[in-house]
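This briefing is an introduction for a reader new to the structure shown below.

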Amino acid sequence: MKNKIKYILLIFLTIFGTRLSAQLPGWRECLYYEVNNSSNAEDLQDYQIRIAFNHYDLVQQGRSRADGGDIRFSSCDGQVYDYWIEYGVNSTYCLCWVKLPFMAKNTKGYVLLNFGNDTSINRSDPDKVFEFYDGFDSTAINGNKWTRTGGSNVVNGWLEPVLENSTWGGSNYIYNRKNFRYLNNRCVLECEVRSNLTRTGGNIIFFVDNANSPNHYLIQHETRALANSDGDFGYKSGGAGGELTPNFIYQWNANERVFYQIRMSSRNNFYHNRFSTSIGGRQITGSVAPTNNWNWNFIGFSALGSFPFHFAVNYVRVRKYTPREPGVALTNTSVLVADPGVVDFGWLVCENNSSMTVTLTNSGKNAMNVTRSRFRKGASSNYITSRPDTMQIQPDEIREINLSFNPNGNGNFDDTLIIENVDPCIPPLLIPIFGRKDSVKFDLTDMTSDTLDFGVLCLGDTKDTGFTVANYSTMVTTLSSNTFSSLFNYAGQNPLYKPINKDESRFVKLSFTATQKDGIYYDSLTITDTCGITKTVYLKAIVTQPVFTTLKDTFDFGRCTLWCDTLKTDTIRITNSSRWGTDGRIRDFVIYGQFGNPELSQIGLIKNDVIKNNASTTYPIVFSPKRTGVYSDSMTIIFEPCGFEKTIYLKGEAVETGFEARLDTVDYGFVTLNQVKDTTLIFRNTGTADLNITTIGGITGPYSLLNTAPPLPALLTPNQAINVILRFNSLDTLFHQITISLSGNPCAVEDSVAVFAKGVPIIAKTLVYIPNTFGRTGEQVDIPLILESSERLVQSGINAFEATIRMNKNLLKPVNVNPGSMNIINNYREISVSGSWKDTNGILYNFRFIPALGDSECTDIEIIKFRWLNGLTNMDIISGRFCLVDVCKEGGLRLIEGTTQSYLKQSLPEPAIERAVIEFSLIEEGHTKLYLSDIQGRCRAVLFDKEILPGIYKIDVDLSGYETGVYQYILMTPTNIYRRLMRVVK
């Protein structure tokens with residue numbers, strides 16, 4: 001009995017050590033506080049409620065920590081609330097503020113006070129609870145909370161406002177940064193102040209519309225002396241001059257502490273409570289109705305009058321307001337009880353199950369909605385309940401549930417039935433359940449089934465086998481057995497003739513001797529225990545003459561091709577056709593000759609693999625030779641039972657592939673441009689397998705395939721060759737290389753030849769020259785560098801040029817040349833240019849100069865250097881000459897005698913296509929001729945030829961019969977010659 005009591009206590013400790021109520025995970029206990037908002041017509045959102053409790057008793061009982069760091073507040077579903085412990089840790093009155101996230105109007109709810117955690121950290125934080133809070137615990141004013149502090153200070157946890165600079169207000173007040181407009185004038189302001197002098201005063205607290213203009217004072221203490229030398233104490237509001245006669249007056253002693261509470265219920269009124277916290281608990285209450293346009297958005301403090309530091313502030317806080325604050329009360333949520341509270345099914349021996357009725361009573365005030373029942377350990381195989389799921393129990397109503405004990409075996413069975421409520425704040429009902437089952441039981445420990453199979457015996461064989469009987473009861477068990485009726489017998493004395501002790505095991509040895517006739521033999525042995533429970537062992541033996549056959553006796557793998565088609569597979573299908581349903585197995589197998597080498601073949605036979613009777617099993621055979629040749633071997637398979645043998649013959653052949661080109665590289669050499677050259681590439685089958693050549697690749701660019709012999713696809717027998725006739729078409733002077741490859745099957749054979757060729761270059765022939773030109777000083781003149789004629793210039797690959805010209809540095813001044821491309825040597829100027837010839841219409845480069853009076857009338861324009869780029873050419877070069885015209889020669893060269901009224905303008909448009917206009921001006925009378933010539937000086941047309949008077953003339957020129965090129969138009973007057981270039985583009 002003592003052991004049973006200890007057992008029940010252990011189970012109870014296990015149950016109560018598990019969190020089954022709504023407290024937070026990791027916290028051992030919780031108290032339930034009912035929050036009653038049923039009389040309030042407003043929803044509560046982030047509302048601050050007060051909860052006071054006896055923390056001292058909890059600490060003394062070892063249920064909570066003395067420092068209060070384990071205190072937490074939460075909802076029943078585990079939501080943790082922000083809280084602040086105002087005072088009273090480890091005292092009989094601990095006051096806490098809790099921010100309730102939401103509670104609907106006209107409803108009730110629960111707040112859980114959790115405690116009992118040895119490692120938790122104190123999370124008390126007033127800043128998270130209140131709309132605004134400052135306890136002035138630091139040594140300085142918190143700049144994140146207050147602004148416009150003036151000279152205010154924090155001393156020993158008290159705020160001391162600075163002395164104001166005027167009687168009723170000024171600029172030294174302090175106000176908070178946070179705007180309370182979102183509260184819509186519905187809040188509670190609380191603070192505690194103390195006097196510093198007998199005569200004291202100042203603006204203790206004020207709410208304002210605009211913190212920058214604090215003209216609305218709600219509470220003030222005036223500094224003016226009264227007749228009885230007491231300070232006055234009352235309300236002030238912002239009227240004319242900011243004064244209002246105080247409503248209440250009482251003496252405020254030095255260092256007296258006064259608590260203020262202002263409750264704002266709307267925009268137009270508030271309620272003000274205050275009482276002394278240090279002298280007699282004196283209390284004065286009252287109300288005032290401010291003007292309609294006031295809004296209470298900020299908090300401020302200031303000191304007035306002639307006395308410094310008239311008062312100090314201990315703390316200030318703002319919380320939300322509702323007309324009907326919800327009630328908070330400690331409550332008991334346990335409403336469901338069970339009878340009996342502990343269910344004990346007692347001790348079952350030969351019985352297999354037991355049942356019991358449990359009554360449930362609702363002892364609460366409200367109906368209870370049961371959501372479900374469950375077992376804590378989930379032992380549904382041992383205990384069964386009528387499952388009172390989703391039932392409703394009215395107050396004082398009694399319901400009955402049935403519990404059944406159905407153990408699966410011997411042992412002690414404990415569990416807890418948990419009945420849960422739909423309300424998470426109501427803890428579940430726990431019903432401990434106990435039971436014990438010690439039935440008489442024996443078992444056959446080394447038998448996997450109820451049949452003891454002697455297996456297959458060959459004719460005349462004898463075999464002994466048996467099983468072990470084990471007693472798993474808690475008492476001595478007497479077993480009995482029947483007698484045999486066939487050829488099965490005990491191998492010795494019957495071991496079951498005497499009782500078996502607890503935990504004892506005995507081996508029962510049986511014997512069978514095969515007859516001279518094959519067949520299947522059966523018998524049975526029935527064992528009975530004290531409770532009348534029996535176990536029957538069925539005996540079986542087979543006497544057989546085995547029959548094993550294969551689908552075929554010879555396996556010909558045919559031809560394998562090295563090194564791709566090196567695996568030939570087949571399967572050996574072995575059928576067991578034993579007459580009496582005897583299963584067989586492969587005891588061993590022996591492979592003779594080369595097929596026994598694992599590098600040549602893989603035989604998938606598995607030693608000791610079972611082949612069921614009247615069934616077939618297949619095994620893979622893989623032929624994978626590593627060299628060519630013909631293979632022929634045999635394999636013997638040995639079966640059990642009775643050592644039956646079967647011989648299988650194996651054969652196969654292996655060939656290999658080879659494919660090579662006669663040459664690795666073929667060089668065509670040099671081939672003249674626009675010429676072709678043919679050659680033949682030879683590939684040969686060098687293996688012992690036939691090849692099917694199907695693909696030729698790598699022929700690109702100037703190479704082309706003429707044909708193959710034999711044509712593709714081509715079947716090549718061993719040592720047979722295929723010829724590939726290839727052509728190279730020389731289209732340029734570049735070096736061309738390709739790789740010709742032939743491929744086919746089997747084994748994806750492939751070989752390649754690298755082919756090279758290069759075209760012979762073409763040498764071009766060109767004539768480049770600079771024409772003779774004339775010009776006046778100061779007038780711009782163009783001197784072209786001209787490609788007069790060319791042969792095979794395109795074919796040679798030439799695409800650019802470089803040139804250097806030289807002339808008298810004093811006579812011609814360049815205007816379109818980069819200074820970096822010029823070089824002055826003695827009396828000469830060298831100019832280097834470069835460019836492309838393809839889009840110039842014959843003019844490679846146009847040099848532009850301004851002629852000047854110098855040391856010479858003419859200068860040679862020499863082509864001292866010219867080079868064609870990216871090709872070869874035979875080149876002729878002709879240099880030109882430039883001379884001044886209209887130069888005064890009397891007394892030596894010195895001045896130009898012409899006037900600016902005589903000129904020959906550039907033709908327009910430039911360049912011209914079908915027509916052009918030439919304008920010129922003359923200042924002399926006489927015969928004048930204008931003609932057009934090509935760049936070689938040959939006259940192509942006379943445009944103007946007659947006697948004229950001085951004036952300006954314009955000639956329209958028809959160019960429709962002219963080809964693209966550069967032309968000169970020359971004006972000859974009685975005393976002067978003018979030349980200019982004209983470009984024609986078609």
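Which residue lies over the face of Trp-347? Arg-436 does, at 4.0 Å from the ring centre; a charge counts as over a ring if NZ of Lys or CZ of Arg is within 6 Å of the ring centre and within 35 degrees of the ring normal. This is a predicted model, in which local features need pLDDT of at least 70 and side-chain atom pairs count only at pLDDT 80 or more, while totals for chains, interfaces and linings use all residues. Residues are numbered from 1 along each chain as its sequence is written, and side-chain values use heavy atoms, with hydrogens and water left out.

**Confidence**

- The mean pLDDT (the predictor's confidence in each residue, from 0 to 100) is 82 for the protein, and 84% of its residues reach 70 or more.
- Over residues 220–250 the pLDDT is below 50, although the model gives this stretch 92 contacts beyond near neighbours in sequence; a contact means heavy atoms within 4.5 Å.
- Residues 890–900 also have pLDDT under 50, with 18 contacts beyond four places in sequence.
- Where pLDDT is low, the predicted coordinates should not be read in detail.

**Aromatic rings**

- The count of aromatic pairs is 39; rings of Phe, Tyr and Trp (its six-membered ring) pair if their centres lie within 6.5 Å, and planes under 30 degrees apart count as stacked, over 60 as edge-to-face and the rest as tilted.
- One of the pairs is tilted: Phe-454 and Phe-512 are 6.2 Å centre to centre, with 50° between the planes.
- Phe-454 lies in strand β33 and Phe-512 in strand β37, 58 residues apart; strands (E, at least two residues) are DSSP runs numbered from the N terminus.
- Both Phe-454 and Phe-512 are buried, where buried means under 20% relative accessible area, exposed over 50% and partly exposed in between (1.4 Å probe, protein chains only).
- Trp-84, Trp-97, Phe-130 and Tyr-133 are linked into a cluster by ring pairs.

**Cysteines**

- There are three disulfides in the structure, each a pair of cysteine sulfur atoms within 2.5 Å.
- Cys-564 is joined to Cys-747, S to S 2.0 Å, and this disulfide is left-handed because the torsion about its S-S bond is about -75°.
- Cys-858 and Cys-883 are joined at 1.9 Å S to S, and their link is right-handed, with 120° about the S-S bond.
- Cys-187 has a relative accessible area of 2% and is therefore buried, whereas Cys-939, at 47%, is partly exposed.

Key
Helices (H or I, at least four residues) and strands (E, at least two) are DSSP runs, numbered from the N terminus.
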